[in-house]
Amino acid sequence: MAYKAATGGRTVALTFDDGPGPATGQILDLLAQYHAQATFCQIGKQAAANPALVKRIIADGHRLCDHTVDHPQPMHTLPHDQQVHEITAAKDMISKAGGPDTRITWFRAPGGDFSPENRQIAVQAGLRPLGWTVDTRDWTHPGAASILATAKRELRPGGIILMHDGGGDRSQTVAALRKLLPWLTEQGYRFSLPTS
Ligand SMILES: [Zn+2]
């Protein structure tokens with residue numbers, strides 16, 4: 001399970017879940033402005049519905065993560081075959097949306113509901129389980145200031161930050177990211193990718 005950024009030292013890995021969605025373009029614009037690479041944990045059905053965004057994520061140099069077909073929670077109680085479908089069909093949907101040569105490296109269970117079973121299914125599908133070290137809890141809509149404060153308070157060098165580009169109104173996330181990216185740069189953080 002990956003819980004740290006790839007390169008050593010003062011690095012941070014940004015991850016965005018539940019997209020692609022209406023906020024993904026704004027997030028990609030901000031990442032480009034700060035030359036920041038990130039990992040996008042995508043829901044298969046949304047990737048299929050938004051192939052242009054999947055292609056842009058790849059073209060901008062980011063990484064892709066399988067976040068299941070339709071985000072079932074809890075995942076670990078599903079029958080085995082259904083868990084296999086959630087992971088392998090999502091991988092196919094994201095691949096098809098991204099076009100030829102799309103690489104999907106990671107798997108993240110919905111709500112972080114990793115189990116030995118779904119981790120094994122992911123590994124058999126060529127995906128490595130992706131955790132996080134900082135949960136900004138942006139999905140609870142605590143306000144941009146709270147999202148930013150949580151990230152600043154909990155981040156340690158080599159950490160992985162969890163935010164969301166889909167799954168509802170993400171204007172607070174975008175506002176927080178607009179301040180978080182320059183802060184990370186000022187603090188001497190380098191943007192990295194997760195490693196296992
Ligand atoms: Zn999710």
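In this predicted model, histidine 141 counts as partly exposed, at a relative accessibility of 41%. Histidine 141 is placed in the loop between strand E7 (134-135) and helix H6 (144-154), and its phi is positive, at about 55°, although the residue is not a glycine. A positive phi in a residue other than glycine is also found at aspartate 101, where the angle is near 70°. Aspartate 101 belongs to the loop between H4 and strand E5 (104-107), and with a relative accessibility of 76% it counts as exposed. As background to these angles, most residues other than glycine have a negative phi, and most peptide bonds are trans.

Cis peptide bonds are described next. The bond from glycine 19 to proline 20 is cis, with omega near -5°, and proline 20 is found in the loop between E2 and helix H1 (24-33). A cis bond likewise joins glutamine 73 and proline 74, with omega about -5°, and proline 74 lies in the loop between E4 and H4.

The zinc ion is coordinated by an OD atom of Asp18 and by the NE2 atoms of His67 and His71, at 2.0 to 2.1 Å. Along the chain, the donors of the zinc ion follow the spacing D-x48-H-x3-H. Aspartate 18 lies in strand E2 (residues 11-19), whereas histidine 71 lies in the loop between strand E4 (63-66) and helix H4 (80-98), so the pair ties together parts that are 53 residues apart in sequence. Aspartate 18 counts as buried because its relative accessibility is 10%, and buried means under 20%.

Glycine 61 is situated in the loop between helix H3 (51-59) and E4, and it is partly exposed, with a relative accessible area of 24%. The C-alpha atom of glycine 61 is separated by 6.7 Å from that of glutamine 37, although these residues are 24 apart along the chain.

For the chain as a whole, seven helices and 10 strands are assigned. The radius of gyration is 15 Å, close to the 16 Å that the globule rule gives for 196 residues, so the chain is as compact as a globular protein of that length. The C-alpha trace spans about 45 × 30 × 30 Å along its principal axes, and 53% of the 196 residues count as buried. Among contacts between residues at least 6 apart in sequence, 75% join residues at least 24 apart. The chain exposes about 8500 Å², of which carbon and sulfur atoms supply 52%, and the mean positions of its 20 positive and 18 negative charges are 8 Å apart.

Technical notes: Residues numbered from 1 in each chain as written. Predicted model: local features only at pLDDT ≥ 70, side-chain atom pairs only at ≥ 80, totals over all residues. Heavy atoms only, no water. Helix = DSSP H or I, 4+ residues; strand = E, 2+ residues; numbered from the N terminus. Rg over C-alpha atoms; globule rule 2.2 N^0.38 Å. Buried < 20%, exposed > 50% of the residue type's maximum accessible area, 1.4 Å probe, protein only. Contact = heavy atoms within 4.5 Å. Areas by Shrake-Rupley, 256 points an atom, 1.4 Å probe, with all protein chains shown as cover. Lys, Arg positive; Asp, Glu negative; His and termini not counted. Charge placed at Lys NZ, Arg CZ, Asp CG, Glu CD. Donors = N, O, S within 2.8 Å, 3.2 Å for Na, K, Ca; no water.
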